[in-house]
Amino acid sequence: MKTSATDLDLAIQVDEAARVAHAVKLRRDRRERNGRILKHVFLIGVSCVMLYPLFWLLASSFKPENEIFGSLTLWPSEFRFDNYTAGWNALPKSFTVFYMNSAIVTGLSVIGNLVSCSFAAYAFARLQFTGRSFFFALMMMTLMIPYHVVLIPQYVQFLKLGWVDTYLPLVVPRFLASDAFFIFLMVQFFRQLPRELDEAAMIDGCSPFKIYWAIILPLSLPAMGTAAIFSLIWVWEDFLAPLIYLNDIKSYTVPLALRLFLDQEGKSAYGQMFAMSVLSLVPVVIFFVLFQKMIVRGIATSGMK
Amino acid sequence: MRRFFARNAPAYVFLLPWLIGFFLLALGPILASLYLSFTRYDMVNVPEWVGLDNYVYMFTRDRRFWKALDVTFTYVALAVPARLIMALGVAMLLDKGLRTIGLYRAIFYLPSLLGASIAIAILWRQLFAADGVVNQILATFGIQGASWITNPNTSLYTLVILAMWQFGSPMLIFLAGLRGIPRDLYEAAEIDGTPRWRQFTRITLPLLAPVIFFNLVLQTIDAFKTFSSAFIISNGTGAPADSLLFYTVYLFNEAFKFFRMGYASALAWVLLIIIAVFTAVAFFTSKYWVHYENERD
């Protein structure tokens, strides 16, 4: 008897709690609906502010020179493409050359990063060896060191090797896993893969290289993709290293070429400068649209765990 | 011995590119840079040992060094909090019950992704030019704008605004962090009638502390290293009146314009020490304000 009474009490209490919870939920739903509209209005406003500079750049690149400054309207009175055609050839070398240069540097750098960083990450994440934690700690420390500390000795070193004004200083370090960030990213990913895979493969007589190539890499395509996209965008946008190592205009990458427009100031070729600026952003925007998920996940997880 | 070798060889083969890179591109240059910082070195003559002269000169007589520190610290102190507050605010708006989150997230992140581009620095120069868009917008409200970029009193703020515009990547990290906070905590607080503001200070902030800490450290280190935008906007010199003389711009000019490689190395070491001290302080104080999930039980 006693027990069933407490059961009843309990049932009433649970019921009561459920009713309160439901009322709270209703109230919250109503509040949230109103809040949501307000929120969207606000977010759309912020979006406009965020995008306006980019649209202004895009619009200006189609405007005749005298319209760029003086009006806030984004829509050009007439669309002009001559900023693009003239801008492409406005510098001592055409942008065909600069894009080729950027493509070579970026392409080789991405390959270098993927190969060397995945090698190192595989060793750190999946292999047992003497000195592993020691070297891992060193690797993590290099993540903290600002590039400027190694910049000057590296420059002297590459100058003595006769590498200045070639792409070697920009590309070779990437084949030596100089971007420790990507090692770290891959280590995080490799560690999540089940150990049993390696063990089973080992029992079947697979070499570590075979395991890396046939098991780890195929399973790590998301991590590889993320690293590829990030290194592509960063190398494409990189300004400091090309600024230091490339002196000859014909070896300039796109960012260096854009800077040349600034040096030509007074010639007032703003439309052309903006047109080429827009073009320099196009690859990044395309990759962003195509690989948005990877980029978002990459930012959200890198170094988070 | 042979077994030791057999056990370790494969790992070291995989590690080889990184090991070579570490010794030739990191450890070697770090030590070389430390050595050079005690020398006078112009790239033509052999480095001449001058002891602590570079450092003594830097701290006692080099007014531009102090100016560069002043500019950089001011920038860090303004830009980092501004960017993080924007990032957290927008992340919280996006976090709850929005179906269109993907689109907003993309729009807000895009400026960060493009942010390192020279194109954006060029754009920013023109937006804040005397006849630029910002002044035209102000003019429509009847406000007389300034020549933001060429006025040393305002030029730094244009870069702070650029930094605010690029709140996307900390925002994404905040979003991931917010998703990790259990919903039922908020539901319980609702039932108890806890006001929103207290929910924010009692639930969101404490549970997000590790993420805030992570963002703070990362963003601060990044802000100390700001280069490209400052370089482009100031024409590579730190002008006007050195108001955009960011530390890295000063370092670059000392090294690659005036070829004072020894002095520039000393500057680089001071930057390293500043960043190291900041990181260490952040980590040591973090135990008072950052509590990790697994520490509590």
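**Salt bridges and a serine**

Analyst: A:Asp82 is partly exposed, with 35% relative accessible area. Buried means under 20%, exposed over 50%, and partly exposed in between (1.4 Å probe, protein chains only). This is a predicted model: local features need pLDDT of at least 70, side-chain atom pairs count only at pLDDT 80 or more, and totals for chains, interfaces and linings use all residues. Residues are numbered from 1 along each chain as its sequence is written, chains are lettered from A and ligands numbered from 1 in the order written, and side-chain values use heavy atoms, leaving out hydrogens and water.

User: Which side chain does A:Asp82 meet in a salt bridge?

Analyst: That of A:Arg80, at 3.6 Å, N to O. A salt bridge is a side-chain nitrogen of Lys or Arg within 4 Å of a carboxyl oxygen of Asp or Glu. A:Arg80 is partly exposed too, at 29%.

User: How many salt bridges over all chains?

Analyst: The count is 12. One of the pairs is B:Arg196 with B:Glu190, at 3.9 Å. B:Arg196 is partly exposed at 43%, whereas B:Glu190 is buried at 12%.

User: New topic. Is B:Ser37 buried or exposed?

Analyst: Buried, with a relative accessible area of 0%.

User: What does the side chain of B:Ser37 make a polar contact with?

Analyst: The side chain of B:Tyr55, at 2.8 Å. A polar contact is a pair of N or O atoms within 3.5 Å; within protein, one must be able to donate a hydrogen and the other to accept it, and residues adjacent in sequence count only if both atoms are side-chain atoms.
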